[in-house]
Amino acid sequence: MYKAKQFNLSGLKGISDQTLEMHFKLYEGYVKETNNLQEKISQILKDGNVDHEEMPAYSELKRRLGFEYNGMVLHEYYFGNLKKGGSGEADSQSSFVKAATISFGSRDLWQADFTGIGKMRGVGWAICYQDPTTDQLSNHWISLHEIGNVAGYNPVLVMDVWEHAFLLDYKPTERAKYIEAFFENIDWTAVEQRLLRPAIRKSHAA
Ligand SMILES: [Fe+2]
């Protein structure tokens, strides 16, 4: 059983408490539904196999589990990389900025790529991952919650761009304003702590 985590994010810049309260409720729904689906799947498995009769229901439950489970986890990453008093600028000496520079040529290019993904039409997420093999950063578009996640890649910075993330504060056409607000509230310490290994260490050793 998963338990919803608590996040104290009141007072962000450009993302209202009203939006956050609504968003926490949606997140709790993903936690609840993940638990429900796991329970239903365990009922089917109780007799030791998935028989022909059960297969359609089982398949649907498994597909929905991918959606709900990723919805739960991605929201935890998202809320976890925001904080009151956050900032748009990561410390230029941080491992994240060094990794972004190695991976993209500059921090600005990394941000242009990440922001570009955030503005893509569709329902989903912009995620900056660290490739565990090369330590490089890599930005990706995720449709819904589960389509496009790269196996084994480590999420470092996660931005929800479903409309529910900003619709109480901005118009549907103003996603760019929400993305600016998101950047004003990033907890770069949390981002830094997610790095598997600071990329710069490897690059210096090379
Ligand atoms: Fe969301």
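Hi everyone, let's start where two helices touch: F96, V97, A100, T101 and F104 in helix 3 meet R107, L109, W110 and D113 in helix 4. Sorted by class, the residues of that contact are six nonpolar, one polar and two charged. Before I go on, please keep in mind that this is a predicted model.

How do these two helices sit against each other? Helix 3 covers residues 95-104, and it packs with helix 4 at an angle of about 80°, the axes being 7 Å apart. That angle makes helix 3 roughly perpendicular to helix 4.

Now let's follow helix 4 to its other partner. Helix 4 spans residues 107-118 and helix 5 spans residues 175-184, and their axes come within 10 Å and cross at roughly 135°. Helix 4 is therefore oblique to helix 5. As for handedness, helix 4 passes helix 5 in a right-handed crossing.

Which residues make that contact? On the helix 4 side you'll find R107, W110, Q111, F114, T115 and G118, and they meet R175, I179, F182 and F183 in helix 5.

Next stop, helix 2. Helix 2 runs over residues 55-80, which is 26 residues, and from its first C-alpha to its last it reaches 37 Å, close to the 38 Å expected at 1.5 Å a residue. Which of its residues are buried? The list is Y58, L61, L65, F67, E68, G71, M72, L74, H75, E76, Y78 and F79. And what do these buried residues pack against? Their partners are helix 1 (17-45), strand 1 (124-130), strand 3 (154-160), helix 5 and helix 6 (188-194).

Let me pick out helix 1 from those partners. Helix 1 and helix 2 pack with their axes 8 Å apart, at an angle of about 145°. The crossing of helix 1 past helix 2 is left-handed. In this contact the classes come to 17 nonpolar, five polar and six charged residues.

Is S16 buried or partly exposed? S16 has 22% relative accessibility, so it counts as partly exposed. Along the chain S16 and F166 are 150 residues apart, while their C-alpha atoms are separated by 8.7 Å.

A bit of background first: most residues other than glycine have a negative phi. D135, which is not a glycine, has a positive phi of about 70°. You'll find D135 in the loop between strand 1 and strand 2, the latter being residues 137-143. With 1% relative accessibility, D135 counts as buried.

The other one is L144. Its phi is near 50°, again a positive value in a residue other than glycine. L144 has its place in the loop between strand 2 and strand 3. At 31% relative accessibility, L144 counts as partly exposed, whereas D135 counts as buried.

Note on methods:
Residues are numbered from 1 along each chain as its sequence is written. This is a predicted model: local features need pLDDT of at least 70, side-chain atom pairs count only at pLDDT 80 or more; totals for chains, interfaces and linings use all residues. Side-chain values use heavy atoms; hydrogens and water are left out. Axes are lines fitted to C-alpha atoms, for helices over the stretch in contact, and angles run from 0 to 180 degrees between N-to-C directions. Helices (H or I, at least four residues) and strands (E, at least two) are DSSP runs, numbered from the N terminus. Angles under 35 degrees count as roughly parallel, over 145 as roughly antiparallel, 65 to 115 as roughly perpendicular and the rest as oblique. A crossing is left-handed if the near helix is turned anticlockwise from the far one by less than a right angle, and right-handed if clockwise. Contact means heavy atoms within 4.5 Å. The expected span of a helix is 1.5 Å times one less than its number of residues. Buried means under 20% relative accessible area, exposed over 50%, partly exposed in between (1.4 Å probe, protein chains only). Ala, Val, Leu, Ile, Met, Phe, Trp, Tyr, Cys and Pro count as nonpolar, Asp, Glu, Lys and Arg as charged, and the others, Gly among them, as polar.
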